[in-house]
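Here is a set of questions and answers on one chain. Keep the model open while reading.

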Amino acid sequence: MNINTDTVDEVVLALLYLTLHDQNRAWKGHDWDVMNRLYERGLIRDPVNKTKSVVLTDKGLGESERLFNQYFVGAGGMGK
């Protein structure tokens with residue numbers, strides 16, 4: 001099976017927006033390979049730590065909101 005990791009990464013970043021709390025933190029219960037790719041792209045801070053959440057960078061926060069709206073918000077709807 002040929003998986004499009006770019007799309008997987010986008011959807012995970014959109015889901016991080018769904019679990020957003022404390023302005024820029026989100027629960028990190030997603031695949032570690034995806035989380036590492038998001039980190040390498042500068043969208044989240046290093047996910048390897050003992051906390052159950054990850055910090056989104058300013059770039060990651062904006063992109064996660066955009067992708068959440070793209071994938072999950074119907075016409076006329078609003079994001080968080």
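Predicted model: local features only at pLDDT ≥ 70, side-chain atom pairs only at ≥ 80, totals over all residues.

Q: How many residues apart are Glu63 and Arg66 in helix H3?
A: Both belong to helix H3. Because of their spacing there, about one helical turn separates them. Glu63 and Arg66 are apart by 3 residues.

Q: Is Arg66 buried, partly exposed or exposed?
A: Buried means under 20% relative accessible area, and exposed means over 50%. Arg66 has 40% relative accessibility, so Arg66 counts as partly exposed.

Q: Which residue meets Asp9 in a salt bridge?
A: The N to O distance is 2.7 Å, and the partner is Arg37. The pair links distant parts of the chain, 28 residues apart, with Asp9 in helix H1 and its partner in helix H2. Asp9 is buried at a relative accessible area of 2%.

Q: How far apart are the end C-alpha atoms of H1?
A: H1 has 14 residues. At 1.5 Å a residue, H1 should span 20 Å. The model agrees: the end C-alpha atoms are apart by 20 Å.

Q: Which elements do the buried residues of H1 pack against?
A: The buried residues of H1 are Asp9, Val12, Leu13, Ala14, Leu16 and Tyr17. They pack against strands and helices: E1, E2, H2, E3 and H3.

Q: With which side chain does the side chain of Ser53 make a polar contact?
A: Ser53 is found in strand E3. Ser53 counts as buried because its relative accessibility is 6%. Leaving aside neighbours within four places in sequence, Ser53 is in contact with residues including His21, Trp27 and Lys28. The polar contact, at 2.9 Å, is with Arg25.

Q: Which residues make the nonpolar surface patch of about 370 Å²?
A: One member, Val8, is in helix H1. Val8 counts as partly exposed at 31% relative accessibility. The patch is made by Met1, Ile3 and Val8.

Definitions and conventions
Residues numbered from 1 in each chain as written. Heavy atoms only, no water. Helix = DSSP H or I, 4+ residues; strand = E, 2+ residues; numbered from the N terminus. Buried < 20%, exposed > 50% of the residue type's maximum accessible area, 1.4 Å probe, protein only. Polar contact = N/O pair within 3.5 Å; in protein donor to acceptor, adjacent residues only side chain to side chain. Contact = heavy atoms within 4.5 Å. Patch = residues over 30% accessible without salt bridge, like charges linked within 9 Å, V, L, I, M, F, W, Y side chains within 5 Å. Areas by Shrake-Rupley, 256 points an atom, 1.4 Å probe, with all protein chains shown as cover. Salt bridge = Lys/Arg side-chain N within 4 Å of Asp/Glu carboxyl O. Expected span 1.5 Å × (residues − 1).
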